[in-house]
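Let's take a walk through a protein together, one step at a time. Keep the picture open beside you and look for each place as we reach it.

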Amino acid sequence: MIFMRTSNQPSVDNLLLLFYAFPAEKSTQQTGTRSLTIAKQEDGMKILRAHFVIENEINGKAILRQLERYGRVCYKSEEKITDDSAADFIRGIIASKHESVIEHEKITVRLICDRGVTHEVVRHRIASYSQESTRYCNYTKGKFGSEISVIEPLFFSPLSDTQEVPVPLRWGQRTQPYIADYAPMHLNEFDVWFMGMLFAEWAYETLINTFKRSPQEARTVLPNSLKTEIVITYNLREWRHFFKLRTSKKAHPQMRELTIPLLKKFKKMIPAIFDDIIAEE
Ligand SMILES: Cc1cc2nc3c(=O)[nH]c(=O)nc-3n(C[C@H](O)[C@H](O)[C@H](O)COP(=O)(O)OP(=O)(O)OC[C@H]3O[C@@H](n4cnc5c(N)ncnc54)[C@H](O)[C@@H]3O)c2cc1C
């Protein structure tokens, strides 16, 4: 899709032609199970897929052995430790809801996702977080490519059918702006989302570059889809709780997009701990 800004005179008496959208010029690139649209545009904006990185090296068997050593202190049953006793012991601990034992081990994960998802993640309180700051990061700077990055929502397909929709064409009244005119265009749901992103980016850049506002002031116009990074550390009990809530069908689809594959990865890496948590697919 090509978007072109047709005027750069936002203050001229009130009639600003904002964007013209032309029919799609899309290329697709296979990333994982879905195809990511690479939008070609003159203004620039990175569109990324949500993903995760497990930050610490994980030796699942070593973790289980440690947990068994700690847990058996409760029963003074250390003499029962064998080369392969740990997984069954931990399964028993979890079945009897003696979960404080598994709090002794933690895992750190980085999520690269949108700010809607991290807003939900940080509601989990038994946690440590470090998150990319929209107060201190200035996306108009070269190290960010002088552009914002956004996360592609999995539910708006770039290949979906278009409909004729009214698109704001001209704006009136600088002192109290309103949409003065609409033009009918054929857009699909992805196009509409993308136009919202472009407008947000335009407002952010204009506040910083033209009006010399700070990133912490200009961030007011940034979208929920803004890409963010958050480093999360939970102990294993909290990870279990998190997965139970956040892989459920009641959880947000963009949350599940991350948590279901992350749970699968954890199950592979660490035996026993997550066996009883079944993601609703
Ligand atoms: C499907 C879904 C929909 C949601 N919708 C909304 C919504 O509309 N609005 C909204 O505001 N939130 C919503 N939430 C967030 C939700 O209310 C919780 O804030 C969030 O899931 C964190 O869960 P938590 O409090 O169990 O866990 P954590 O903070 O991860 O805590 C883990 C556990 O520790 C214990 N615990 C932690 N702190 C305390 C405490 N202060 N007192 C007593 N026990 C404590 C509890 O047993 C808790 O379950 C939603 C969550 C889900 C999964």
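How many residues does the largest nonpolar core have, and which of them have the most contacts inside it? This core has 43 residues, and those with the most contacts inside it are I90, W239 and I273. A nonpolar core here is a set of buried Ala, Val, Leu, Ile, Met, Phe, Trp, Tyr and Cys residues joined through C-beta atoms within 7 Å. At least three residues of the core come from each of domain 1 (3–42 + 135–225) and domain 2 (52–129 + 228–269), with bounds taken from an automatic or database domain assignment. In soluble globular proteins, nonpolar side chains tend to be buried together.

Before going on, a word about what you are looking at. This is a predicted model, in which local features need a pLDDT of at least 70 and side-chain atom pairs count only at pLDDT 80 or more, while totals for chains, interfaces and linings use all residues. Residues are numbered from 1 along each chain as its sequence is written. The pLDDT is the predictor's confidence in each residue, from 0 to 100. Its average over the protein is 86, and 84% of the residues score at least 70. Over residues 1–42, however, the pLDDT is below 50, and this stretch has 68 contacts in the model beyond near neighbours in sequence. Two residues are in contact if their C-beta atoms, placed from the backbone, lie within 7 Å.

Now for the overall picture. The protein has seven helices and twelve strands; helices (H or I, at least four residues) and strands (E, at least two) are DSSP runs, numbered from the N terminus. Of its 281 residues, 25% count as buried. A residue is buried if 20 or more other C-beta atoms lie within 10 Å of its own, exposed if 12 or fewer, and partly exposed in between, with C-beta atoms placed from the backbone. Among the contacts with a separation of 6 or more, 70% are between residues 24 or more positions apart.

Let's return to W239. Leaving aside neighbours within four places in sequence, W239 is in contact with I107, Y234 and F266. W239 is also one of the buried residues of helix α6 (residues 236–246), together with L236, E238, R240, F242, F243 and R246. What lies over these buried residues? The cover includes β7 (106–114), β12 (227–235) and α7 (253–269).

Next, find the ligand. Around it are R123, H124, R125, I126, E238, H241, L245, K250 and A251, where a residue is near a molecule if its C-beta atom, placed from the backbone, lies within 6 Å of it. By class, this shell has three nonpolar, two polar and four charged residues. Ala, Val, Leu, Ile, Met, Phe, Trp, Tyr, Cys and Pro count as nonpolar, Asp, Glu, Lys and Arg as charged, and the others, Gly among them, as polar. R125 sits in the loop between α3 (115–121) and β8 (128–131), and R125 counts as exposed because it has 6 C-beta neighbours inside 10 Å. Although R125 and E238 are 113 residues apart along the chain, their C-alpha atoms are separated by 9.0 Å.

Other loops are worth a visit too. K97, in the loop between α2 (86–95) and β7, has a positive phi of about 60° although it is not a glycine. K212 has a positive phi as well, near 55°, and is found in the loop between α4 (189–209) and α5 (215–218). Is K212 buried or exposed? K212 counts as exposed because it has 9 C-beta neighbours inside 10 Å.

E152 belongs to the loop between β9 (149–151) and β10. E152 is buried, because 24 other C-beta atoms lie within 10 Å. E152 and R49 are 103 residues apart in sequence and 5.7 Å apart in space, C-alpha to C-alpha.

For the last two stops, look at N224 and P166. N224, in the loop between α5 and β12, touches D114, R115 and G116, not counting residues up to four places away in sequence. P166 is found in strand β10 (residues 163–172) and touches Y182 and P184, again leaving out residues up to four places away in sequence.
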